[in-house]
Amino acid sequence: MPSERPTGFGIHDLSFASTRFVLTHAELSRHRGDDVSKYHAGIGQRAMSVPAVDEDIVTMAAAAAGPVVERHGADNIRTLVFATETSVDQSKSAGVYVHSLLGLPPQIRVVELKQACYSATAGLQFATALVHRDPDQQVLVIASDVSRYDLDSPGEATQGAAAAALLVSADPALIRLEGPSGLFTRDVMDFWRPNYRSTALVKGKESVTAYLQALEAAWQDYRARGGVPHGDLRAVCYHQPYSRMAHKAHRYLLERCAGGADPLAVDRAVGLTTGYNELLGNSYTASVYLALAALLEGDDELAGRLVGLFSYGSGSVAEFFAGRVQPGYRDHLRTAAHQEAVTRRWPVDYATYRDLRETLLPTDGGHYSLPQQTAGPFRLAGIRGHERIYEPTDR
Ligand code: CAA
């Protein structure tokens, strides 16, 4: 519970979950006949999470948020924000399924937000405003995505899947948001997914340029509004469509805004933020918060230090903001559970990955049951008359 006068607002807990299966880039490069160093060194990716047939954004989201609710209870959660680019319904919020699976009380508002990879950050900022208005309340922000590009396209190597759950509260145990946000919106077609497609369309090189331009603009707005100079930030968590993008982005920021980029300074700022993303792949809305989890778990000298966060959603909307890591933060981390979520995934060969990719859910309104493949706590059991049926497993 918050004290009489909260000292600040921000992230109180952070938990993530991923999928049953994993495809390594070594296996992908064997299929493609590419040099594996293009993936390991060139884009900084070693593996990608692959959902089982009974996993989706809802099952990952509930798996990520379950431990948060278990630790803190649900009594103070009055809002659940579900951020995703991979929505499963054009009308119903995926958060309502999560609300049901986790047995949350009915006195909660639930809503889904969309803006490519950015919307979880919008959710975090809206949540902070809500708890500022009533510090007794908490907000559960869940980011969950499965990134899919066309088979054999350049983007395929950057696929992935994960969900991150953030509990936003007064007097947070992990990160207190501090200072202004630098914002930037521009209508650009760098990456998008029309309603009739299950894979994203992307102009790869243009998307990288659009990301970097948005970073520079958001950073300039952040500084113009009183944000701290880059030297005051112990590290920066970037949205990572692939993990080398974090290095590329910070190098660009230093070159454009500080007149030069010392490779050691770039590595110091982002080196500890990529550990999860390089093994899980692009998780769109969750990616920047997986970077934050990796940083908090990897650096035990962050207490009292400011870290930057850069969120980018193609299309495009970007935000640069900062948060101060709270004393004692390491007592509240979920390092063992997160490492287990990564290591317990079952490696699949290319043919199995392809079968999983090509298994489409029926759309004819019939009744279908799905085999149990997931090792997670919730599954999509089937489809009946266009209704998705979710259920807990015995895990
Ligand atoms: N050894 C080491 N490095 C190698 C190599 C090798 N054998 N072969 C290539 N490389 C390097 C290249 O030099 C290149 O490095 P730079 O980025 O520093 O130039 C890097 O590996 C990638 O090589 P290519 O440019 O040849 O790779 P590609 O043509 O396959 O395309 C990509 C790369 C454009 C990122 C593609 O993967 C893609 O389209 N991805 C999806 C879009 C994306 O992720 N965009 C990022 C910004 S948009 C965003 O952030 C939103 C979002 O989540 C989608």
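Q: Quick one first. What counts as a salt bridge here?
A: A side-chain nitrogen of Lys or Arg within 4 Å of a carboxyl oxygen of Asp or Glu.

Q: And what kind of model is this?
A: It is a predicted model: local features need pLDDT of at least 70, side-chain atom pairs count only at pLDDT 80 or more, and totals for chains, interfaces and linings use all residues. Residues are numbered from 1 along each chain as its sequence is written, and side-chain values use heavy atoms, with hydrogens and water left out.

Q: OK. How many salt bridges in the whole structure?
A: The search finds 18.

Q: Start with R71. Which residue does its side chain meet in a salt bridge?
A: D13, with N to O at 3.5 Å. R71 sits in helix α3 (residues 57-72) and D13 in strand β1 (residues 9-17), so the pair ties together parts 58 residues apart in sequence. Helices (H or I, at least four residues) and strands (E, at least two) are DSSP runs, numbered from the N terminus.

Q: Is D13 buried or exposed?
A: D13 counts as buried, because its relative accessibility is 0%. The cut-offs: buried is under 20% relative accessible area, exposed is over 50%, and partly exposed is in between (1.4 Å probe, protein chains only).

Q: And why does R71 get the label it has?
A: R71 is at 39% relative accessibility, so it counts as partly exposed.

Q: Next pair. What does E178 bridge to?
A: R324, and their closest N and O atoms are 2.8 Å apart. This pair links distant parts of the chain: E178 is in strand β8 (residues 175-185) and R324 in strand β13 (residues 317-325), 146 residues apart.

Q: What about R256? Where is its partner?
A: The side chain of R256 meets that of E216 in a salt bridge, N to O at 3.2 Å. R256 is in helix α7 and E216 in helix α6 (residues 204-224), so parts 40 residues apart in sequence are tied together. E216 counts as buried, because its relative accessibility is 15%.

Q: Switching topic. Which residues of helix α1 are buried?
A: In α1 (residues 25-32), the buried ones are H25, E27, L28 and S29.

Q: What do they pack against?
A: Strands β2 (21-24) and β3 (47-50), plus helices α2 (36-43) and α12 (350-358).

Q: What happens just after α1?
A: G33 takes a positive phi of about 75° there.

Q: Now A157. Where is it found?
A: A157 is in the loop between β6 (138-147) and β7 (160-170). At 2% relative accessibility, A157 counts as buried.

Q: What is A157 in contact with?
A: Leaving aside neighbours within four places in sequence, A157 contacts H25, L28, R32, Y39, I43, Q45 and M48. Contact means heavy atoms within 4.5 Å. Of these, H25 and L28 are among the buried residues of α1.

Q: Last one. What separates A157 from G382?
A: Their C-alpha atoms are separated by 29 Å, and the two residues are 225 residues apart along the chain.
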